[in-house]
Amino acid sequence: MSLKYIIPVLAASQAVFAASCGDTTIDSQTDADGINTCTTIKGDITISESFSGDLTLSGIEKITGGLSCSGGSNVTSITASSLTTIGGTFDLEGLTTLTLLDFAELDDVGSINWEALPKLQSLTFTAGVTQAGDVSIVNTGLTSLDGISLKTVGTFAIQNNRDLKTININNLQNATDLISFSGNYDDLEVNFPNLGTGTNMTFLNISSVSIPSLETLTGQLGFWGTKFETFSAPNLTKTGDLIFKDNTKLSNISMPVLTTVDGGFTIARDDKLSTISLPMLKRVNGAIDFSGTFNKLSLGALTDVEGSFNMQSTQGNFSCTDLKKLKTENVIKGTFKCNATNADATSSSSSSTSTSSSSSSTSSGAAFMVGASVPVVGVAALFGAIAQLL
């Protein structure tokens with residue numbers, strides 16, 4: 001064959017090879033074998049919903065796009081022993097017989113979205129995923145998240161994983177969006193030992209949470225229907241809305257260096273909480289609304305409450321005198337209500353949640369008292385409503 005014929009043939013074969021390492025839909029293992037010679041897939045890999053059995057991707061080290069499968073009810077396992085990077089979304093939905101995800105070298109993922117994987121109990125992620133933008137894991141059979149070793153994350157939503165017993169994300173230091181837990185195993189233990197900063201954190205139906213390094217949240221910190229007896233945030237100095245509601249076993253809250261709540265502060269229906277001590281709290285930019293059975297509250301450093309102030313207790317033995325003084329000194333900018341022995345103590349529905357940052361107060365005052373309830377607004381209202389349905 002002359003050179004003028006060989007060159008076009010080689011060019012054509014290279015074009016075919018290049019195309020095989022681009023966007024790919026896998027209907028069978030034969031399709032997968034066709035791309036297993038590629039070290040990089042320049043595009044997406046889509047696993048067809050008609051695929052059946054065990055899928056093996058060998059030799060592929062990087063996918064610039066996403067890896068996805070929706071409705072693949074007969075996919076039993078996915079193994080990619082050399083894959084280190086998924087540039088887009090690792091998206092698996094409705095794989096109802098999937099029992100194994102074996103990605104021994106996977107480290108970097110654009111985002112994770114797993115939903116309706118009821119047979120998936122554990123992850124074989126030996127290297128551990130340290131980078132992912134957003135993570136959403138919903139309705140799986142996972143018992144732990146071992147192999148998810150994130151350093152930073154955007155949204156981290158873990159919901160309706162009924163067998164999930166422990167979450168220990170040792171390396172996580174910063175979260176730029178919502179961290180949310182709801183509807184998981186009743187005795188779920190959540191540990192973020194090195195999380196220092198975040199945005200919003202909401203917890204429903206967990207048995208313990210550990211955030212010993214948390215210093216600041218720009219958004220909400222909220223707890224509904226939890227099972228823990230003690231909550232401690234020893235290094236937390238500032239948060240947005242702060243909410244404790246319907247935590248029937250909660251008997252102690254420890255936030256010794258909290259100085260600012262940049263929103264509303266709610267404590268309601270935490271029936272075993274008898275004492276609230278926040279010795280460093282100075283400013284609340286929304287409302288303070290506490291109601292329950294507690295009989296002692298210490299707010300000795302409080303100098304500014306931009307919203308209303310509502311405190312009610314069914315078993316209080318404190319005096320409202322010092323609190324009234326805070327109102328007369330204009331420490332409390334909104335409406336004021338204090339009732340130490342209200343048998344029907346409930347959360348206020350009319351408390352202001354002004355977040356004005358321009359006002360300042362030079363007044364000071366000390367408060368020692370019981371009971372109150374905080375208005376639940378914005379995102380808080382949404383999660384409060386969810387809690388009532390659980």
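**Contacts, burial, salt bridges and strand pairing**

Visitor: What does Phe-231 touch, when residues up to four places away in sequence are not counted?
Guide: In this predicted model, Phe-231 touches Val-209, Ile-211, Leu-221, Phe-223, Phe-244, Leu-250, Asn-252, Ile-253, Ser-254 and Met-255. A contact here means heavy atoms within 4.5 Å. As the model is predicted, local features need pLDDT of at least 70 and side-chain atom pairs count only at pLDDT 80 or more, while totals for chains, interfaces and linings use all residues. Residues are numbered from 1 along each chain as its sequence is written, and side-chain values use heavy atoms, with hydrogens and water left out.

Visitor: What makes a set of residues a nonpolar core, and which residues have the most contacts inside the largest one?
Guide: The set must consist of buried Ala, Val, Leu, Ile, Met, Phe, Trp, Tyr and Cys residues joined through side-chain atoms within 4.5 Å. The largest such core has 98 residues, and Phe-90 and Phe-231 have the most contacts inside it. Strand E10 gives the most to this core, with 4 residues.

Visitor: Why is Leu-83 called buried?
Guide: Buried means under 20% relative accessible area, exposed means over 50%, and partly exposed lies in between (1.4 Å probe, protein chains only). Leu-83 has a relative accessible area of 1% and therefore counts as buried. Its place is in the loop between strand E7 (75–79) and strand E8 (85–93). Not counting residues up to four places away in sequence, Leu-83 touches Ile-60, Glu-61, Lys-62, Ile-63, Phe-103, Glu-105 and Leu-106. Leu-83 and Phe-103 are 20 residues apart in sequence, yet 6.7 Å apart in space, C-alpha to C-alpha. Over the chain of 390 residues, 49% count as buried.

Visitor: How do you know that Asp-246 and Arg-269 form a salt bridge?
Guide: The rule asks for a side-chain nitrogen of Lys or Arg within 4 Å of a carboxyl oxygen of Asp or Glu. For Asp-246 and Arg-269 the closest N and O atoms are 2.6 Å apart, and the pair forms a salt bridge. Asp-246 lies in the loop between strand E26 (242–245) and strand E27 (252–254), and Arg-269 in the loop between strand E29 (265–268) and strand E30 (275–277), so the pair ties together parts that are 23 residues apart in sequence. Arg-269 has 38% relative accessibility and therefore counts as partly exposed. By this rule there are 5 salt bridges.

Visitor: Which residues are linked with Glu-306 in a network of salt bridges?
Guide: The network links Arg-283, Asp-304, Glu-306 and Lys-333. Arg-283 and Glu-306 meet through their side chains at 4.0 Å, N to O. Arg-283 lies in strand E31 (residues 283–284) and Glu-306 in the loop between strand E34 (304–305) and strand E35 (309–313), so parts 23 residues apart in sequence are tied together. The side chains of Glu-306 and Lys-333 meet in a salt bridge at 3.8 Å, N to O. Lys-333 lies in the loop between helix H3 (321–328) and strand E36 (336–339), so this pair ties together parts that are 27 residues apart in sequence.

Visitor: Is Glu-306 buried or exposed, and what makes Lys-333 partly exposed?
Guide: Glu-306 has 7% relative accessibility and so counts as buried. Lys-333 has a relative accessible area of 26%, which means that this residue is partly exposed.

Visitor: What makes two strands a pair, and how many bridges join strand E18 to E21?
Guide: Two strands pair if DSSP finds at least two bridges between them. Strands themselves are DSSP runs (E, at least two residues), as are helices (H or I, at least four), and both are numbered from the N terminus. Strand E18 (residues 189–191) and E21 are joined by 3 bridges and run parallel. Asn-191 stands opposite Ser-210 in E21.

Visitor: Which order do the strands have in the open sheet of 3 strands?
Guide: The order is E15-E18-E21, with parallel pairing. E15 (166–168) and E21 (208–210) are called edge strands, as each pairs on one side only.

Visitor: How many bridges join strand E10 to strand E12, and how many join E12 to strand E14?
Guide: E10 (residues 108–117) and E12 (residues 135–140) run parallel and are joined by 5 bridges; in E12, Ser-136 is the bridge partner of Asn-113. E12 and E14 (residues 156–159) also run parallel, joined by 4 bridges, and Val-135 stands opposite Phe-156 in E14.
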